[in-house]
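Please keep the model open while reading.

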Amino acid sequence: MRLLITGGRVIDPANGVDDILDVLVEEGQILQVGREGQGSGVRGQGKKNKKPGNQEPSTTNPDRVIDATGKIVIPGLIDMHVHLREPGREDEETIASGSAAAARGGFTSICCMPNTEPVNDTASVSEYIRELAQKAGRVNIFPIGCISKGERGQELAEIGELVAAGCVGFSDDGKPVADAELMRRAMEYATMFDVPLLPHCEDPSLSAGGVMHEGRVSTELGLKGIPSAAEAVMVGRDILLSEYTGARLHICHVSAAESVRLIREARARGVRVSGEATPHHLILTDEAVRGFHTNTKMNPPLRAAEDITALREALIDGTIEVIATDHAPHARSEKEMEFDYAPFGIIGLETALGLILTELYHSRLLTLPMIVERMAVNPARILKLKHKGTLAPGADADITVLDPDREWTVEERELQSKSKNSPFIGWKLKGKPVMTIVAGQVVWETT
Amino acid sequence: MTLKRKDLLTIRELEPEEIFLILETADSMKEIASREIKKVPALRGKTVINLFYEPSTRTRTSFEIAGKWLSADVVNISTSASSVTKGESLLDTGKTLQAMHPDVVVIRHPVPGAPKILADRLQASIINAGDGAHEHPTQALLDLFTIRERLGRLEGLKVAIVGDISHSRVARSNIQAMRKVGIEVRVAGPATLLPRFPEQLGVEATTDVEDAIADADVIMMLRIQRERHGPTMLPSLREYSRLFGLTVERVKKAKEGVLIMHPGPINRGVEIAPEVADGPYSLILDQVTNGVAIRMGLLYLLTGGQRTER
């Protein structure tokens with residue numbers, strides 16, 4: 001199977017490429033990236049420096065030619081933070097439905113958090129997930145393993161076995177690792193495999209009972225608040241432990257300005273810490289909670305305008321290197337509850353790129369290459385995903401084609417995710433993925 | 001003139017004119033309480049359901065009497081919110097009730113915003129009888145009514161609200177209501193029980209109770225609900241009483257004739273000394289009496305009644 005994507009603006013920050021080029025794909029790999037109309041481009045070549053007559057006439061007879069004129073061709077997006085709910089809550093999401101949602105959202109690889117039922121703390125669960133992912137045949141799924149057995153925060157999970165079973169990072173996501181000693185040992189242990197820890201930073205004693213950001217809006221609504229300090233206290237602890245143990249640390253869903261400050265300072269002194277921000281924390285504030293819509297309830301909570309400003313600055317200056325969705329499907333019946341009783345979390349796979357393009361690219365805060373770095377290149381690097389996040393010859397042919405100017409409305413009936421818990425339904429967005437290619441196969445295309 | 005709304009969920013959403021309309025309608029209702037036969041046919045054929053997910057004596061009774069004096073059929077449903085998670089959801093309960101065609105559903109619930117879930121989906125008028133720490137609009141209305149009845153005016157008055165402001169729906173609704181009618185509000189309480197952003201509520205906050213009550217026309221004491229906020233907020237009721245309790249000595253330092261209010265039930269000797277609660281300037285029982293009038297007025301207005309001329 002040969003695929004030729006022609007006429008698009010190819011943005012491949014890992015290789016310093018940003019030009020109108022053709023991409024040729026063969027047998028699931030990138031074969032060549034070259035000058036439009038030329039069969040033989042050399043990646044990264046100078047703009048006017050065509051090299052005609054170079055070896056193979058490889059664009060001959062592609063099985064499919066994709067005209068990407070006016071579109072952007074980028075390495076497939078990677079979402080480091082997804083909840084797929086299978087095994088256990090297949091009514092909310094399955095690996096198949098989550099894969100379809102990812103494909104529609106322009107993601108070619110996703111990492112699934114281990115808080116399923118049972119949790120992913122054994123090789124058999126990891127293998128089960130990978131098997132179902134293969135069967136679904138849509139996107140690459142990389143499991144994240146538990147830090148502690150049963151996510152109970154007491155004993156280390158068998159991290160070595162989980163690495164062997166394909167886990168690329170470790171987290172008790174959904175729950176913080178409250179015990180500092182356990183976290184310290186997890187970090188020391190993880191250094192043996194050079195895998196990153198992806199902590200959900202939250203001091204449970206400070207957040208207990210809270211359902212939204214503790215701030216001006218919670219003061220008015222009488223909902224119990226979760227102070228920013230609940231997150232930042234743990235970010236601080238984990239940074240200090242990472243500094244002490246040398247472990248690689250990636251802070252999940254950073255939401256508070258205080259956390260940003262701690263991460264920035266730590267990076268400046270060389271601590272191996274990175275962080276991610278979600279589209280919703282970059283776009284919505286706690287003002288959205290007025291009206292008590294439970295699709296504005298997530299953990300960490302939507303914070304104040306100052307926090308959005310800090311997160312955006314951090315995303316621009318590279319303090320926060322990754323945009324991840326924290327896609328968290330929940331059944332309608334569970335979300336249609338009183339605010340205190342509804343579960344935390346919203347879906348995000350199908351709206352992430354559109355939201356980022358609308359709110360950060362069209363407002364000129366991020367360039368397209370910066371977005372590609374934060375949604376593909378950096379996740380691949382942090383998780384050491386080989387042959388991902390790049391369009392270099394020999395890399396996996398995971399490619400996203402996006403139309404930065406396509407206007408669309410988020411429609412509930414079009415969502416591929418089994419759950420519909422999004423606060424963005426009805427939003428008009430500008431920019432969307434139009435084709436998703438995984439291992440050289442088109443797994444999603446917009447008509 | 002009628003209320004141009006289906007529900008009463010918050011004071012926040014009310015226009016000052018609507019507040020005055022409710023107060024005036026309640027005025028005309030109050031006289032019914034002094035009649036030998038306490039019944040008028042205004043709500044004959046109407047059904048009022050009291051749906052209480054939290055224990056309540058005075059508010060539920062007050063709504064029940066209000067409905068009955070207006071000749072409505074009143075049904076009480078008491079349930080515990082903890083059963084919600086295993087049993088029927090609030091939404092399903094609401095749909096079930098709707099199928100019986102009530103005209104008004106009065107709901108008390110421990111979670112902020114819960115009444116809105118019903119209001120958004122039911123045809124019946126929903127009255128919020130207290131939702132968590134969010135609002136308790138009928139309490140604020142009856143408090144305004146009581147102050148106005150005694151002092152003849154509202155605008156320009158100064159009120160101090162003392163106690164656990166941060167967890168209090170009574171405080172939240174009263175602050176809103178009082179500001180809308182031109183009352184200046186100060187709140188006082190221990191630092192652990194003051195809202196983090198009092199300016200967001202439009203009030204000044206202090207931890208100095210004597211300073212807060214110094215030039216107040218009315219002091220409103222709130223009930224200390226230790227069971228609500230857990231053991232980390234206050235070292236003891238004894239210390240609370242010593243630092244914030246409304247004692248005879250403290251009242252003496254306030255304005256001569258300052259009025260004393262409390263939404264009840266009171267913890268005698270904790271937030272308020274018995275001599276103060278039972279003293280000549282206490283409006284605590286007037287608040288209870290007026291609660292019925294306010295709820296009659298509100299039921300009447302929400303079911304489409306025209307304002308009766310006095």
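This is a predicted model: local features need pLDDT of at least 70, side-chain atom pairs count only at pLDDT 80 or more; totals for chains, interfaces and linings use all residues.

Most residues other than glycine have a negative phi, and most peptide bonds are trans. Against that background, D194(A), which is not a glycine, has a positive phi of about 50°, and D194(A) is placed in the loop between α4 (180-191) and α5 of chain A.

## Two helices that pack on α13 of chain B

Helix α1 (residues 16-30) of chain B packs with helix α13 (residues 284-302) of chain B at an angle of about 115°, the axes being 8 Å apart. Because angles of 65 to 115 degrees count as roughly perpendicular, α1(B) is described as roughly perpendicular to α13(B). The crossing in which α1(B) passes α13(B) is right-handed. From α1(B), the residues L21(B), I22(B), L23(B), T25(B), A26(B), M29(B) and K30(B) take part in the contact, and they meet T289(B), N290(B), A293(B), I294(B), M296(B), G297(B), L298(B), Y300(B) and L301(B) of α13(B). By class, the contact of α1(B) with α13(B) holds 11 nonpolar, 4 polar and 1 charged residues.

Helix α2 (residues 58-69) of chain B also packs with α13(B), here at an angle of about 55° and with the axes 8 Å apart; α2(B) and α13(B) are therefore oblique to each other. The crossing of α2(B) past α13(B) is right-handed. On the α2(B) side, R58(B), T59(B), S62(B), F63(B), I65(B), A66(B), G67(B) and W69(B) are in contact, and on the α13(B) side the partners are V288(B), G291(B), V292(B), R295(B), M296(B) and L299(B). The residues of the contact of α2(B) with α13(B) divide into 8 nonpolar, 4 polar and 2 charged. M296(B) is listed in the contact with α1(B) and is also listed in the contact with α2(B).

## Packing of α4 and α7 in chain A

In chain A, α4(A) and helix α7 (residues 228-245) pack at an angle of about 40°, with their axes 10 Å apart, and α4(A) and α7(A) are therefore oblique to each other. The crossing of these two helices, α4(A) and α7(A), is right-handed.

The contact brings A180(A), M183(A), R184(A), M187(A), E188(A) and T191(A) of α4(A) to R237(A), D238(A), L241(A), S242(A), Y244(A) and T245(A) of α7(A). By class, the contact of α4(A) with α7(A) has 5 nonpolar, 3 polar and 4 charged residues.

## The largest pocket

Rolling a probe the size of a water molecule over the atoms shows where empty space is left. The largest pocket has a volume of about 910 Å³, and 32 residues line it, with K224(A), G225(A), S166(B), H167(B) and M233(B) lying nearest its centre. The elements that give two or more residues to the lining of this pocket are α5 (204-207) and α6 (216-221) of chain A, together with α9 (226-229) of chain B.

Which classes of residue make up the lining of the largest pocket? The lining residues divide into 14 nonpolar, 12 polar and 6 charged.

Definitions and conventions:
Residues are numbered from 1 along each chain as its sequence is written. Chains are lettered from A and ligands numbered from 1 in the order in which they are written. Side-chain values use heavy atoms; hydrogens and water are left out. On a 1 Å grid over the protein atoms alone, a cavity is a set of points where a 1.4 Å probe fits but cannot get out, and a pocket is an open set with protein on both sides within 12 Å along at least five of seven lines; lining residues have an atom within 4 Å of a point. Grid points are joined across faces, edges and corners, and a volume is the space filled by probe spheres set on the points. Helices (H or I, at least four residues) and strands (E, at least two) are DSSP runs, numbered from the N terminus. Ala, Val, Leu, Ile, Met, Phe, Trp, Tyr, Cys and Pro count as nonpolar, Asp, Glu, Lys and Arg as charged, and the others, Gly among them, as polar. Axes are lines fitted to C-alpha atoms, for helices over the stretch in contact, and angles run from 0 to 180 degrees between N-to-C directions. Angles under 35 degrees count as roughly parallel, over 145 as roughly antiparallel, 65 to 115 as roughly perpendicular and the rest as oblique. A crossing is left-handed if the near helix is turned anticlockwise from the far one by less than a right angle, and right-handed if clockwise. Contact means heavy atoms within 4.5 Å.
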